[in-house]
Amino acid sequence: MILLALLLQVHDSLPPKPPAPPAAWLRLIGAYASARDTLYVYEEGGGLVARVAPLTPLALAQVSESVFTLAGRGVDHPQIVFHRDELQMGVVTRRRLQLGPADGGQLRLTPVRSVAELLRADRNLSPPAESGAFLAADLVEPARLDSTIRLDIRYASTNNFLGSVFYSSARAYLQRPAAQALVRASRVLRPLGYGLLIHDAYRPWYVTKVFWDATPVESRWLVADPKRGSKHNRGAAVDITLYDLVTGAPVEMPSTYDEATPRAESDYPGGTSRQRWHRALLRRVLEAEGFTVNPSEWWHFDFRDWQRYPILNRPFEEIR
């Protein structure tokens with residue numbers, strides 16, 4: 001009964017899944033900058049719209065493959081012409097911005113220090129001291145509790161923002177209540193044709209320290225400060241997305257994982273209706289089970305009571 005109630009709640013709170021937009025529109029969707037502001041073009045309700053924040057989005061009417069007008073504005077209004085790397089609107093030319101990796105893959109930074117050396121050095125350090133009463137750690141693997149929960153652990157490979165291997169194995173651990181909450185979320189998603197795909201979960205503190213030490217100073221806003229630790233260090237945060245149960249492929253979201261652009265924000269209005277629908281589905285289901293999304297990262301969710309767990313520094317191979 002509880003599962004049925006949650007399924008009905010999710011169904012009632014989301015509109016039907018939108019159809020995919022025309023493939024030709026995908027190369028037009030994006031951000032275009034002038035000297036004054038940035039114009040975002042995205043798909044909504046089966047049509048393209050253009051918006052300069054905080055103004056209201058304006059619907060576009062298609063004239064030809066790459067030429068549009070503002071819907072309802074008449075023939076005297078300047079046309080919007082899309083070129084390969086720019087958008088022309090009357091006498092104003094806007095440069096297309098590269099949001100996310102050019103190849104659509106993984107964000108990459110060049111480490112300022114050797115990751116291998118940092119792993120050897122930082123692994124012997126101790127996390128910051130904490131005071132207070134904490135719950136006993138009880139790390140378990142969600143994928144062992146539900147076989148439909150899949151893993152794509154980026155930090156167990158070189159497919160991550162520092163291009164280095166940080167984990168000894170591709171495992172995902174969470175505090176037991178958080179892991180059980182993911183299992184419940186997975187059961188709600190299954191009748192809808194989706195499964196959960198985890199990119200990261202519990203992260204030993206020394207790995208957070210390596211992230212900090214290896215990341216250029218100007219990009220450290222991307223990583224947690226090891227002096228405070230992170231919710232990942234407590235086993236109470238998960239980086240997660242959806243995949244299609246039939247094809248096994250990850251679903252399309254407004255941005256790539258670990259992307260440091262406005263597209264990664266949990267309420268970013270751009271992209272396509274279907275991408276935003278996937279993002280909203282993931283959020284609704286996880287929030288119903290006690291998770292809270294990070295406003296800057298649609299894929300990052302913190303479990304309730306995360307502050308009741310201590311910062312941990314236990315390597316994967318020592319977890320039983």
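Buried, in this talk, means under 20% relative accessible area, exposed means over 50%, and partly exposed is in between, with a 1.4 Å probe and protein chains only. By that rule D146 is buried, because its relative accessible area is 6%.

Some ground rules. This is a predicted model, in which local features need pLDDT of at least 70, side-chain atom pairs count only at pLDDT 80 or more, and totals for chains, interfaces and linings use all residues. Residues are numbered from 1 along each chain as its sequence is written, and side-chain values use heavy atoms, with hydrogens and water left out.

Back to D146. Its side chain meets that of R190 in a salt bridge, 2.8 Å from N to O. A salt bridge here is a side-chain nitrogen of Lys or Arg within 4 Å of a carboxyl oxygen of Asp or Glu. The two residues are 44 apart, R190 in the loop between α5 and β12, D146 in the loop between α4 and β10. R190 counts as partly exposed, because its relative accessibility is 35%. Helices (H or I, at least four residues) and strands (E, at least two) are DSSP runs, numbered from the N terminus.

A second salt bridge joins E289 and R184, with the closest N and O atoms 2.7 Å apart. E289 lies in the loop between α7 and β14 and R184 in helix α5, so this pair ties together parts 105 residues apart in sequence. E289 is buried at 7% relative accessibility, and R184 is partly exposed at 33%. The structure holds 17 salt bridges.

Now the sheet. Five strands form an open sheet with mixed pairing, in the order β10-β12-β13-β15-β14; two strands pair if DSSP finds at least two bridges between them. β10 and β14 stand at the edges with a single partner strand each, so one side of each is left without a neighbour in the sheet. Strands β12 and β13 run antiparallel and are joined by six bridges; I198 has I240 as its bridge partner in β13.

Last, the rings. Which residues do ring pairs link into a cluster? They are Y155, F161, F166, Y167, Y173, Y202, F211 and F316. Rings of Phe, Tyr and Trp (its six-membered ring) pair if their centres lie within 6.5 Å; planes under 30 degrees apart count as stacked, over 60 as edge-to-face and the rest as tilted. The structure holds 16 aromatic pairs. In one of them, Y32 and F82 have ring centres 5.8 Å apart and planes at 70°, so the pair is edge-to-face. Both Y32 and F82 are buried.
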